[in-house]
Amino acid sequence: MILYFSGTGNCLAISRKLAEELNEQVLPLVEATKIDLTKEKKIGFVYPTYWFNVPQIVYETIAELTLPKNAYYFIVIPCGAQAGNAIWTIKRLLRKKGIKLGYCNKIRTPDNSAVGFGRNPNKQIWKFDKFAQRLNQIKNDIAISSYQHHYAWWDLASAICALPFVEKRVKPMLCPACNGNKCIACGICVKVCPMKNIQIDNNKKIAMGNNCATCLACIHFCPQQAMEIRHNPTPKEAQYHHPDIKLKDMLLR
């Protein structure tokens, strides 16, 4: 079983490619709380790095799961550059649950948060070719239940970034808001938000909650480019999703 959390499809695409090699099922992580995992022999977690650590929803969901202690566990982190403490944090959580992590690694993918800093994630497509060999190696390692830990160490700089007072200042920098002058209330942002943090009110206006994971799915899939960060226009050419993942794939979550 491969459990994933994905905003723009990087983690979903990686999960599917791993599943083809491993003959495993792919399931959104948030759906895993509804099924029995205790008989699974191999369980993988595929999730992104948000601000040098694991997304809070990923941590909270894995903490909630009832997991078998005798299964083979692996973690794969698609990320723009640095994994930070995203692997170390979940490795420690699994240890607290009495579970030994078998394998972990990262693979670089286009950084969907780049749009929040005025950059175009689509200009990072070169990463797919450059790191294709690593993905094949990761698939081969997991297929034989290899015991290897990559990028699983604790990092001081990442830990500082995750401190509450730092996160409180930085997180708003990547929290989307709706530009009502562009929005047509099509509801796509509501459907792609994995946190169910976006609603359409009775006046056909977008209402944002306080539970944003900063996955930026709403930014990248809005057909009107109405979702913006810090009131900066979202260029259509900078909207990104994994080339193998379409909107319909994200709506299946």
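**The sheet and the pocket**

Six strands make up an open sheet, in the order 2-1-3-4-5-6, and the pairing is parallel. Strands here are DSSP runs of E, at least two residues, and helices are runs of H or I, at least four, numbered from the N terminus. Two strands pair if DSSP finds at least two bridges between them. This is a predicted model, in which local features need pLDDT of at least 70 and side-chain atom pairs pLDDT 80 or more, while totals for chains, interfaces and linings use all residues. Residues are numbered from 1 along each chain as its sequence is written, and side-chain values use heavy atoms, without hydrogens or water.

At the edges are strand 2 (26-28) and strand 6 (148-149), each pairing on one side only. Strand 1 (residues 2-4) pairs with strand 3 (residues 42-46) over three bridges, in the parallel sense. There, L3 stands opposite F45 of strand 3.

Now the pocket. A pocket is an open set of points on a 1 Å grid over the protein atoms alone, where a 1.4 Å probe fits, with protein on both sides within 12 Å along at least five of seven lines; lining residues have an atom within 4 Å of a point. What lines the largest pocket? The lining has 47 residues, and T49, Y50, W51, F52 and N53 lie nearest the centre. Helix 2 gives the largest share, four residues. Among the others supplying at least two are helix 1 (10-22) and strand 4 (72-79).
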